[in-house]
Amino acid sequence: MCRTAAGILTAFDTALIITSTFGEGDPPSGTEDFYQDVVTVPSIRVPGLCYSVLALGDTYYEHFCKCGKDYDETLEKLGGIRVHSL
């Protein structure tokens, strides 16, 4: 995601997003632009994209796996089809 534009998701029928959560619910360092273009201010639509999200996190934090949950919820709102829930 560090060097990937969000639009790449429109080129595929399936996608697996693997992400961790940094600190208190933030995307990992270097992936902020991708996160912004998909989650914060969506710049794409992904109708029919079959996707799943693997979210990594530490239950110590209040916002456990927040970044992954954000991707999961947003991709569904953008027209994606969840293959497996978190």
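Which residue in β3 stands opposite Tyr-51? Keep that in mind while I show you around, and please remember that this is a predicted model.

Hi everyone. Let's begin with the strands. β1 and β2 run parallel to each other, and their pairing covers seven bridges. If you look along that pairing, you will find Ile-17 standing opposite Val-53 in β2. Next, β2 also pairs with strand β3, residues 81–84, again in the parallel sense, over three bridges. And here is the reply to my opening question: Tyr-51 has Arg-82 of β3 opposite.

Now, how does the chain get from strand to strand? β1, α1 and β2 together make a β-α-β unit, and that unit is right-handed. Then the chain goes on from β2, through α2, to β3, in a β-α-β crossover that is right-handed too.

Let's turn to the inside. The largest nonpolar core has 17 residues, and those that touch the most other members are Leu-9, Val-38, Ile-44, Val-46, Tyr-71 and Leu-75. Which elements give two or more residues to this core? They are β1 (14–20), α1 (32–40), β2 (50–56) and α2 (66–77). The biggest giver is α1, with four residues.

One residue I'd like you to click on is Tyr-71. Leaving aside residues up to four places away in sequence, Tyr-71 touches Met-1, Ile-17, Thr-19, Thr-31, Phe-34, Tyr-35, Val-38, Val-39 and Val-53.

A pair of aromatic rings is described by how far apart the centres are and by the angle of the planes. Searching the whole structure turns up three aromatic pairs. Together with Phe-34, they form one aromatic cluster.

Another pair is Tyr-60 with Tyr-61, also edge-to-face, at 5.3 Å centre to centre and 85° between the planes. Here, Tyr-60 has a relative accessible area of 69%, so it is exposed. Tyr-61, at 33% relative accessibility, counts as partly exposed.

Notes:
Residues are numbered from 1 along each chain as its sequence is written. This is a predicted model: local features need pLDDT of at least 70, side-chain atom pairs count only at pLDDT 80 or more; totals for chains, interfaces and linings use all residues. Side-chain values use heavy atoms; hydrogens and water are left out. A nonpolar core is a set of buried Ala, Val, Leu, Ile, Met, Phe, Trp, Tyr and Cys residues joined through side-chain atoms within 4.5 Å. Buried means under 20% relative accessible area, exposed over 50%, partly exposed in between (1.4 Å probe, protein chains only). Contact means heavy atoms within 4.5 Å. Rings of Phe, Tyr and Trp (its six-membered ring) pair if their centres lie within 6.5 Å; planes under 30 degrees apart count as stacked, over 60 as edge-to-face and the rest as tilted. Two strands pair if DSSP finds at least two bridges between them. A crossover is right-handed if, with the strands pointing away from the viewer, the path from the first strand over the helix to the second runs clockwise.
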